[in-house]
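Subject: Structure handover

Hello,

Here is the structure you asked for, with its sequence. My notes on it follow below.

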Amino acid sequence: MEQQYDAGFVAAHRLHSLPESMYYFPDFITASEEQQVLQKLPPNRWTHLAHRRLQAHPSALSARGALLAAPLPPYLAAAPPILPRLEALGPFAGTNGFVATPHGRPNHCLVNEYRAGEGIMMHEDGGAYAPVVATVSLGGAVVLDVVVKAQEGEGKAEDEAQQRQRILCEPRSLLVTTGRAYVDALHGVPAVAADEDLGAATVANWALLGSPARYADAGGRNERATRVSLTYRDVLRVSWAGGLGRMLGGGGGGGT
Ligand SMILES: O=C(O)CCC(=O)C(=O)O
Ligand SMILES: [Fe+2]
């Protein structure tokens, strides 16, 4: 059932809202793959924050934003085959119209879990990463708010509605944020028990949803359930603190 990804397929999944550098792919993983990941997330790795909990794989970045070189765990990489699928799609490899990141593949994954009523305040992901995030959603659906930052010299007269986008992230979908959407916009998940007023006029990716009827039939409402997001990134600075160990252990080197 592997999907054939090409430039036309990618272009057809681009959001036609500003900035035009986000892509939405419904059903990027199957329901059994979704369960496989949810069951394998280690229960002892959560960091508890005020309105969500978080785990970083293979580890958290250093204070200076560097990643200690290590592979992603198999349940976030090859089984289920999320990395091969991302590789074929191209957001890190730089194929199908995407721009390649320095390592050509994600080396880091932040896993967020939000229960109903939880969220993440508006923020930007910053310069420790190449400007690409690939977000796989598991469990419940949430709305992601994206707001373009006011550009220098631009007055407040700019149409607010045009600057704010709502993106509905369905379970098993992939959202790719690149370019200006990464650099010039803030994003966040409102901490609500239900997302309301969902429809073609209010949701930027409505035409790309896998199951729009599900939300339309509920009167434009998405009752929040626990949602887990896998956010794949390419950390620019990778440190090889294990260099001495590799030398002593004679294990040989790997690529970056
Ligand atoms: O859960 C999401 O989709 C967004 C998470 C996020 O913005 C982050 O981890 O930086
Ligand atoms: Fe973020």
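Rings of Phe, Tyr and Trp (its six-membered ring) count as a pair if their centres lie within 6.5 Å. By this rule the model, which is a predicted one, has three aromatic pairs. In one of them, the rings of Tyr5 and Phe9 have centres 5.2 Å apart and planes at 45°, so this pair is tilted. Tyr5 and Phe9 are both buried. In another, the rings of Phe9 and Phe25 have centres 5.8 Å apart and planes at 20°, so this pair is stacked. The cut-off behind that word is an angle under 30 degrees between the planes. Phe9 belongs to helix H1 (residues 7-12) and Phe25 to strand S1 (residues 22-25), so their pairing ties together parts that are 16 residues apart in sequence.

The burial values are as follows. Phe9 has 18% relative accessibility, and the limit for buried is under 20%, so Phe9 counts as buried. Phe25 is buried as well, with a relative accessible area of 3%. Tyr5, Phe9 and Phe25 form one aromatic cluster.

Next, the metal site. Which residues are the protein donors of the iron ion (ligand 2)? They are His123 through NE2, Asp125 through OD and His187 through NE2, and they lie 2.1 to 2.2 Å from the ion. Along the chain, the donors of the iron ion follow the spacing H-x1-D-x61-H. His123 is in strand S6 (residues 120-123) and His187 is in strand S11 (residues 185-189), so this pair ties together parts that are 64 residues apart in sequence. His123 is partly exposed, and its relative accessible area is 22%.

Strand S8 (residues 142-148) pairs with S9 in the antiparallel sense over six bridges. Leu144 has Ile167 in S9 as its bridge partner. In general, strands of a sheet pair through backbone hydrogen bonds, either parallel or antiparallel.

Arg233 lies over the face of Tyr129, at 4.9 Å from the ring centre.

Regards

Notes
Residues are numbered from 1 along each chain as its sequence is written. Chains are lettered from A and ligands numbered from 1 in the order in which they are written. This is a predicted model: local features need pLDDT of at least 70, side-chain atom pairs count only at pLDDT 80 or more; totals for chains, interfaces and linings use all residues. Side-chain values use heavy atoms; hydrogens and water are left out. Donors are N, O and S atoms within 2.8 Å of the metal (3.2 Å for Na, K and Ca); water is not among the atoms, so sites may look incomplete. Helices (H or I, at least four residues) and strands (E, at least two) are DSSP runs, numbered from the N terminus. Buried means under 20% relative accessible area, exposed over 50%, partly exposed in between (1.4 Å probe, protein chains only). Two strands pair if DSSP finds at least two bridges between them. Rings of Phe, Tyr and Trp (its six-membered ring) pair if their centres lie within 6.5 Å; planes under 30 degrees apart count as stacked, over 60 as edge-to-face and the rest as tilted. A charge sits over a ring if NZ of Lys or CZ of Arg is within 6 Å of the ring centre and within 35 degrees of the ring normal.
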